[in-house]
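The sequence and the structure are shown first.

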Amino acid sequence: MNKLITIKVGILLLAVLALPQIINAQIFKNEIPIPYLVTGSFMEIEISGNQHNFDPNGFVTDINLNVDLDAYCYNKQGQPVDNQMSYLGPTLVFPKGEELEFEISNNLPDGANTTVHWHGLNIPGLMDGGPHQVIFNGSSWSPFFNVIDEVQTCWYHTHLMDLTTDQVIRGLAGMIIVEDPANDPLYSLLPKNYGENDFPIVIQEKGFVLDSTTTPPTAVAIKAGEKPGNGPYTLINGVVGGYLKVPAEVVRLRVLNGSPRKMFQIGLNTDLNTNNNFEKMWMVATGGGYIDVPRETDSTLMSVGDRREFLVDFTQFADGDTVYMRKLTVPADANYGSTNGKALMAFIVDFSLSSSDPITSIPSQLVDYTLSEGSVFKTREKDLMGSGGSGNVWTIDGTPMDMNVINDTVLVNTKEKWVINNLTNKSHPFHIHKVQFQVVEYTGKLGMGDTVATYTFPDLPDELVGYKDVQLIRPGAILTFEARFDSFPGPPVAHMGYMYHCHILTHEDTSMMHQFVVVDSSDFYTSLFSNNELEILNIYPNPARNEFTINAEIEEAGILRIYDLTGKTLRQQTFNSLKNKTISVADLPRGIVIVEYVSGSKHFISKVNLN
Ligand SMILES: [Cu+2]
């Protein structure tokens, strides 16, 4: 990853206004800020209030937005004042395989509490930063975890119970890049110079509280309890009317829909005033990492919470050409507001720019993409229910989110199939923590269409392909996905759990959310079966050192398995019976292990501490 460079942009001279593309370019007045990078294995992050100008050069004319407003932001401790974020946060670089530690301090104004959720990553439940891991005002939180996920673009944001909308629209979101330069075969084939040919693009719809005693009305600070996220303006990295100068190369756009509620069907074209003749984009990654091949597309649907990476070939343009990113019409059931057809930002090709490692062609292959290994261990079905409006709540299965209730208990290192039925009349972007799922079937209306159809793996349209953690489900549609729940089992207690929820933040906040825990098999089977279906093995001594004896009289043949708390099998052995068997464990690593004997439908289990 190259260090951030600041792209210097001169002020456009009046003399060149005669050129049409320059006139268009000038409509977009605010250079898009590129958040600085934070690297290293120890990240000290401060969450605080700041003053932010969403329109420093006066793009918007119907209101006066060129004012400093109260906002929330993340910053690296000690970041120089002249390069601090005043809205959103810096881009965090997570090297795959590294153990990361954080010191995250909450210095928000007004005594606000918050959390930091690592959206898209598989990490222990206690580190997940969901509603249970509150960082109280004036205190700090020190999560640590090993980055086991594949190369991908994910993000971090507040997940405070009932107040996520309020805090995200004030600015509490930022991007994460998981990278693996040494082992990623695509690292050198794709644009990778951050801020040169590799850009974070955070799209958010935005509304403002107005003081209408002025003409035009002036935006004023958001007050507690107001939720003007559902507005007519669109921010890119925290500014309206944004432009970005790009080199005449292949450029990588890491697009995140960080909106509170709105879906964006985005496409690129060169004519500010029409909504057709789209330029090609090549989708190369979803939120869970690379897809099979670069998929050529005119436009793509980004549901709330979604990340997608695109390559755009700017080598075909002339110096000064402008390419607009615009929002196409999305279905009424997935729409919140009226920016359809509008250009959201402008890319200006600048021949004076060049990247450190320029890329000029689109690779033909990316990665082998197949269904994750293993057969489905368990299938769960969920119904999205309810309706909006006063007195109504959105729910999953008719029960509101309860911080103290575990809705699902999942056995670690298994693959599950989840079937999500949307029984409501609105589209909902279904999001699940911890896992990256693969769509195996989707039945119903999809994307911008009105046709009801069934899409089945491996014949999936762009919107459904790839590892994902969020998928928009249209009214009446059924999403079926498979996911592996690998690593990090915890005890079956709610505060060690993970969330699944609608990522429309106002729906999440009104309780369209449930939680699950991932446990080892002794806890899983105990929670699943009555006592006559599951028997606890009597093992002595416990703790054990070189060997232990299983004090049992099991006549039936079966498989004895010993595995650690991450589910990794340490020993597997077949026996014709299990009668007072002594097992040598001198060669096994120390720590708590699960000893399991499965014989037909019978299941015997115990935990042993090897010391
Ligand atoms: Cu929803």
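## Burial and overall form

Buried residues account for 47% of the 611 residues in the protein. The coordinates come from a predicted model. The radius of gyration is 26 Å, which agrees with the value near 25 Å that a compact globule of 611 residues would have. Along the principal axes, the C-alpha atoms fill a box of roughly 95 × 55 × 55 Å.

The secondary structure consists of 4 helices and 44 strands. Of the contacts between residues at least 6 apart in sequence, 77% join residues that are at least 24 apart.

## Confidence of the prediction

The average pLDDT of the protein is 90, and 92% of the residues score at least 70. Residues 1-25 have a pLDDT below 50, although this stretch has 36 contacts in the model beyond near neighbours in sequence. Where pLDDT is low, the predicted coordinates should not be read in detail.

The domain assignment gives domain 1 as residues 14-349, domain 2 as residues 376-519 and domain 3 as residues 529-610. The centres of domain 1 and domain 2, taken over C-alpha atoms, are separated by 24 Å.

Contact between these two domains involves 42 residues of domain 1 and 39 residues of domain 2. On the side of domain 1 that touches domain 2, the elements giving two or more residues are α2 (164-170), β19 (281-286), β20 (289-297) and β21 (299-302). The most is given by β20, with 4 residues. By residue class, this side of domain 1 divides into 18 nonpolar, 17 polar and 7 charged residues.

## Strand β19 and its partners

Strand β19, one of the elements on the side of domain 1 that touches domain 2, is mostly covered, with 5 of its 6 residues buried. β19 is joined to β20 by a hairpin through 2 residues. The two strands pair in the antiparallel sense over 5 bridges, and Thr286 stands opposite Gly289 in β20.

β19 also pairs with β22 (residues 307-313): 3 bridges join these strands, which run antiparallel. Here Ala285 stands opposite Glu309 in β22.

Asn276 lies in the loop between β18 (264-269) and β19. Whereas β19 is mostly covered, Asn276 is exposed, because it has 9 other C-beta atoms within 10 Å and a residue counts as exposed at 12 or fewer. The C-alpha atoms of Asn276 and Gly341 are separated by 9.5 Å, with the two residues 65 apart along the chain.

## An open mixed sheet

A further element of the architecture is an open sheet of 5 strands, in the order β2-β5-β11-β10-β7 and with mixed pairing. β2 (37-38) and β7 (117-119) stand at the edges; each has a single partner strand, so one side of each is left without a neighbour in the sheet.

Within this sheet, β10 (residues 152-157) and β11 (residues 173-179) run antiparallel and are joined by 6 bridges. Tyr156 has Gly174 in β11 as its bridge partner.

Terms used: Residues are numbered from 1 along each chain as its sequence is written. This is a predicted model: local features need pLDDT of at least 70, side-chain atom pairs count only at pLDDT 80 or more; totals for chains, interfaces and linings use all residues. Domain bounds come from an automatic or database domain assignment. Two residues are in contact if their C-beta atoms, placed from the backbone, lie within 7 Å. Ala, Val, Leu, Ile, Met, Phe, Trp, Tyr, Cys and Pro count as nonpolar, Asp, Glu, Lys and Arg as charged, and the others, Gly among them, as polar. pLDDT is the predictor's confidence in each residue, from 0 to 100. Two strands pair if DSSP finds at least two bridges between them. A residue is buried if 20 or more other C-beta atoms lie within 10 Å of its own, exposed if 12 or fewer, and partly exposed in between; C-beta atoms are placed from the backbone. The radius of gyration is taken over C-alpha atoms; the globule rule is 2.2 Å times the number of residues to the power 0.38.
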